[in-house]
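I set out here what I looked up in this structure, entry by entry. The order runs from the whole chain to the ligand and then to single residues.

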Amino acid sequence: MAFVRSERRRDQAAPPVEPVALKLLVAGGFGVGKTTLVGAVSEIRPLRTEESLSELGRPVDDLAGVEQKRTTTVAMDFGRITLREDLVLYLFGTPGQDRFWFLWDELAQGALGAVVLADTRRLADCFAAVDYFERRGIPFTVAVNCFEGAKVYDPDNVREALDLDPQVPVVLCDARKRESAKDVLITVVEHAAKVAADRRRPAAD
Ligand SMILES: Nc1nc2c(ncn2[C@@H]2O[C@H](COP(=O)(O)OP(=O)(O)O)[C@@H](O)[C@H]2O)c(=O)[nH]1
Ligand SMILES: [Mg+2]
């Protein structure tokens, strides 16, 4: 009997939770794995707008280093992942091509934080995304997508090469693997929470 009562009390103490929805951006250069990462973690079929890379796009889309790529995301990737029953992330992949920069300010509205995906063979491709989030004060994490055949660098070397602030997390990942991609997203959320707490705290000096 006591067991039943305590069970009931527990039920009363835990009403169904209204999940908090957070928005994260997934940025980085062309072909770095943004669409792959959103697809790997999303619980809903990612809303994608992949188009074939056409001859027409050739002079505009820089394919150096990504010769295998046959499609590109024209507008954006969108996905959703429930991290906990009370925490849902909505993922917005930013378009990789320079000609879609005008979308970034719209996408960044209300974003809690961002992932900047990087490929160490083409590190310069993520400079623009790093600059963008630094300038707007959007907390971000750099996730190095470890492609086969690419030399594995120490995250500290990547941090140095990108001239990042010491508190910006740099992690290694495999954008194709759900658990790995999920770990990246958790890092972003935790980092963003820390940045928000630091901003709330009055300056000590
Ligand atoms: N080997 C390997 N290939 C990857 C990885 N991530 C993405 N790819 C491949 O790289 C290509 C570009 O990825 P995509 O997600 O379309 O890049 P996006 O332009 O940033 O959206 C695709 O053919 C992917 O299958 C990875 O971690 N390892
Ligand atoms: Mg894409």
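**Entry 1: the chain as a whole**

I computed the accessible surface of the protein chain at about 12,000 Å², of which 53% belongs to carbon and sulfur atoms. Accessible areas come from the Shrake-Rupley method with a 1.4 Å probe, and for residues only the protein chains shown count as cover. The model is predicted: local features need pLDDT of at least 70 and side-chain atom pairs count only at pLDDT 80 or more, while totals for chains, interfaces and linings use all residues. Residues are numbered from 1 along each chain as its sequence is written, chains are lettered from A and ligands numbered from 1 in the order in which they are written, and side-chain values use heavy atoms, with hydrogens and water left out.

I then read off the secondary structure, which comes to six helices and eight strands. Helices (H or I, at least four residues) and strands (E, at least two) are DSSP runs, numbered from the N terminus. Along the sequence the pattern is α-β-α-β-β-β-β-α-β-α-β-α-β-α.

Of the 205 residues in the protein chain, 44% are buried. Buried means under 20% relative accessible area, exposed over 50%, and partly exposed in between (1.4 Å probe, protein chains only). For contacts (heavy atoms within 4.5 Å), I noted that 72% of those between residues at least 6 apart in sequence join residues at least 24 apart.

**Entry 2: ligand 1**

I listed the shell around ligand 1 (residues with a heavy atom within 4 Å of it). The shell holds 15 residues, and the closest are Lys 34, Thr 35, Thr 36, Asn 145 and Glu 148. By class, the shell divides into four nonpolar, six polar and five charged residues. Here Ala, Val, Leu, Ile, Met, Phe, Trp, Tyr, Cys and Pro count as nonpolar, Asp, Glu, Lys and Arg as charged, and the others, Gly among them, as polar.

I next looked up individual atom pairs. A polar side-chain atom of Glu 148 lies 2.6 Å from a nitrogen atom of ligand 1. Gly 33 places a backbone N or O atom 3.0 Å from an oxygen atom of the ligand. For Asp 174, a polar side-chain atom lies 3.2 Å from a ligand oxygen atom. Taken alone, ligand 1 exposes 580 Å², and the protein buries 77% of that.

Which helix gives the most to this shell? I found helix 2 (residues 34-41), with three residues. Six of the eight residues of helix 2 are buried, so the helix is largely enclosed by the rest of the structure. The buried ones are Lys 34, Thr 35, Leu 37, Val 38, Ala 40 and Val 41.

**Entry 3: single residues**

I checked His 191, which lies in helix 6 (residues 178-200). His 191 is buried, with a relative accessible area of 10%. Neighbours within four places in sequence aside, His 191 is in contact with Pro 139, Phe 140, Thr 141, Gln 167, Val 168 and Pro 169.

Asp 163 has a positive phi of about 55° although it is not a glycine. Most residues other than glycine have a negative phi. Asp 163 sits in the loop between helix 5 (155-162) and strand 8 (170-173), and it counts as exposed at 63% relative accessibility.

**Entry 4: cysteines**

I searched for disulfides (pairs of cysteine sulfur atoms within 2.5 Å), and the count comes to zero. Cys 146 is in no disulfide, and the nearest cysteine sulfur, that of Cys 173, is 6.5 Å away. Cys 146 is partly exposed, at 28% relative accessible area, whereas Cys 126 counts as buried at 2%.

Conventions. Polar contact = N/O pair within 3.5 Å; in protein donor to acceptor, adjacent residues only side chain to side chain.
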